[in-house]
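Please keep the sequence and the model in view while reading.

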Amino acid sequence: RADLTTFAAYLTAAKVAAPTADQLQSEPNAWAGVTWGLVAGFVQWMLGQGLALTSVNRKLSTVKVYAALAAQAGVVPGADLTLIKTVKGY
């Protein structure tokens, strides 16, 4: 849940959406509009916030898992999920 709280904070800071961590965790529609660019930007944002590399990697992994679940629910297009999976951690 903490990882999704961080992602929600990033989305709010990026001014693209404002889902809560609870929505990201339980409502697939909260993932609508999540793209490779947003996920790659999330990694850069976390690094800019001074998060440890292990935290960045864990939070990125969590986002990828939930994006995959949203893709299974038909919210995130398969092509977007494929690109999201290519975002690398450190």
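This is a predicted model: local features need pLDDT of at least 70, side-chain atom pairs count only at pLDDT 80 or more; totals for chains, interfaces and linings use all residues.

Residues are numbered from 1 along each chain as its sequence is written, and side-chain values use heavy atoms, with hydrogens and water left out.

**The pair α1 and α4**

Helices here are DSSP runs (H or I, at least four residues), numbered from the N terminus. The axes of α1 (residues 2-13) and α4 (residues 53-72) cross at roughly 85° and come within 9 Å of each other; axes are lines fitted to C-alpha atoms over the stretch in contact, with angles from 0 to 180 degrees between N-to-C directions. The two helices are therefore roughly perpendicular, a term for angles of 65 to 115 degrees. On the α1 side the contact (heavy atoms within 4.5 Å) is made by Ala 2, Asp 3, Leu 4, Thr 6 and Phe 7, and on the α4 side by Arg 58, Lys 59, Thr 62, Val 63 and Tyr 66. Five of these residues are nonpolar, two polar and three charged.

Within this contact, the side chains of Asp 3 and Thr 62 make a polar contact at 2.7 Å; such a contact is a pair of N or O atoms within 3.5 Å, one able to donate a hydrogen and the other to accept it. Leaving aside neighbours within four places in sequence, Asp 3 also touches Arg 58 and Lys 59, and Thr 62 also touches Leu 4.

**Three buried residues**

Buried means under 20% relative accessible area, computed with a 1.4 Å probe on protein chains only.

| Residue | Helix | Relative accessible area |
|---|---|---|
| Asp 3 | α1 | 9% |
| Thr 62 | α4 | 18% |
| Met 46 | α3 | 0% |

Beyond four places in sequence, Met 46 touches Thr 6, Leu 51, Val 56, Lys 59 and Leu 60. The C-alpha atoms of Met 46 and Lys 59 are 9.2 Å apart, with the residues 13 apart along the chain.

**The nonpolar core**

The largest nonpolar core comprises 27 residues, and Phe 7, Leu 24, Trp 31, Val 39 and Val 76 have the most contacts inside it. Such a core is a set of buried Ala, Val, Leu, Ile, Met, Phe, Trp, Tyr and Cys residues joined through side-chain atoms within 4.5 Å. Two or more residues come from each of α1, α2 (21-26), α3 (36-48), α4 and α5 (78-84). Outside four places in sequence, Leu 24 is in contact with residues including Leu 4, Phe 7, Trp 31 and Tyr 66.

Note on methods:
Angles under 35 degrees count as roughly parallel, over 145 as roughly antiparallel, 65 to 115 as roughly perpendicular and the rest as oblique. Ala, Val, Leu, Ile, Met, Phe, Trp, Tyr, Cys and Pro count as nonpolar, Asp, Glu, Lys and Arg as charged, and the others, Gly among them, as polar. Buried means under 20% relative accessible area, exposed over 50%, partly exposed in between (1.4 Å probe, protein chains only).
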